[in-house]
Amino acid sequence: MDRLVGYINRGLAVFTVSLSTFLVFCVIWQVLSRYVLGEPSTVTDELSRYLFMWVALIGAAYTAGQKRHLAIDLLTMKLTGTRKFLVELVIQFAIAIFAMTVLVYGGTTLAVSTLDMGQVTPALGVQMGYVYFCLPVSGALMIFYSFYFGLQSIRQWRTQETGVAESN
């Protein structure tokens, strides 16, 4: 499982950095075409908006997988033993529930309904539903990471419990 997480981490890092690099080039071209050439590029303007959505949401999933997301850990820092374990499990469960309801369910509903309506982006001509699929992809990744961290917490708690029991 650790090897799979490592592959996913590297894949997400490469994907996010690649999209970010492409986003920077789109914005640079937009600025150059607007101020130097005098004709703004509508394609790069629209593309940069959609790339930013993907970078932000996939980057959020990657950040959650690195345990570097925004967290208030004042309570968990003061707890030890079983209480700390339970609070960490509740936190991972809350993250998974949020990701499932808002990102996966809500995002899939949005993407599918937008695809059914046939809404197309003005400049690129791409179906908007494909742009919105960053929501369920990000949510699925966050759920995966929550499951993984929950299992890690359970393993760590078990080893601490058996270690304490063996020393008595």
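The legends below describe close-up views of a predicted model. Residues are numbered from 1 along each chain as its sequence is written, and side-chain values use heavy atoms, with hydrogens and water left out. Because the model is predicted, local features need pLDDT of at least 70 and side-chain atom pairs count only at pLDDT 80 or more, whereas totals for chains, interfaces and linings use all residues.

**View 1. The largest nonpolar core, with Met-142 and Tyr-145**. A nonpolar core is a set of buried Ala, Val, Leu, Ile, Met, Phe, Trp, Tyr and Cys residues joined through side-chain atoms within 4.5 Å, where buried means under 20% relative accessible area, exposed over 50%, and partly exposed in between (1.4 Å probe, protein chains only). Of the 21 residues in this core, Met-142 and Tyr-145 touch the most other members. Two or more residues come from each of helix H1 (2-35), helix H2 (42-65), H4 and helix H6 (134-167); helices (H or I, at least four residues) are DSSP runs, numbered from the N terminus. The largest share, eight residues, is given by H6. Leaving aside neighbours within four places in sequence, Tyr-145 is in contact (heavy atoms within 4.5 Å) with Val-5, Ile-8, Asn-9, Leu-12, Ala-61, Gly-65 and Gln-92.

**View 2. Thr-114 in helix H4 (residues 81-117)**. With 2% relative accessibility, Thr-114 counts as buried. Not counting residues up to four places away in sequence, Thr-114 touches Gln-119, Met-128, Gly-129 and Tyr-132.

**View 3. The aromatic pair of Phe-85 and Trp-157**. Rings of Phe, Tyr and Trp (its six-membered ring) pair if their centres lie within 6.5 Å, and planes under 30 degrees apart count as stacked, over 60 as edge-to-face and the rest as tilted. The structure holds five such pairs. In this one the ring centres are 4.6 Å apart and the planes are at 10°, so the pair is stacked. Phe-85 in helix H4 and Trp-157 in helix H6 are 72 residues apart, and the pair thus links distant parts of the chain. Phe-85, at 10% relative accessibility, counts as buried, whereas Trp-157, at 25%, counts as partly exposed.

**View 4. Phe-149 with Tyr-148 and Lys-67**. The rings of Tyr-148 and Phe-149 have centres 5.5 Å apart and planes at 55°, so this pair is tilted. Phe-144, Tyr-145, Tyr-148 and Phe-149 form one aromatic cluster. Lys-67, which follows H2 and has a positive phi near 55°, lies over the face of Phe-149, at 4.6 Å from the ring centre; a charge sits over a ring if NZ of Lys or CZ of Arg is within 6 Å of the ring centre and within 35 degrees of the ring normal.
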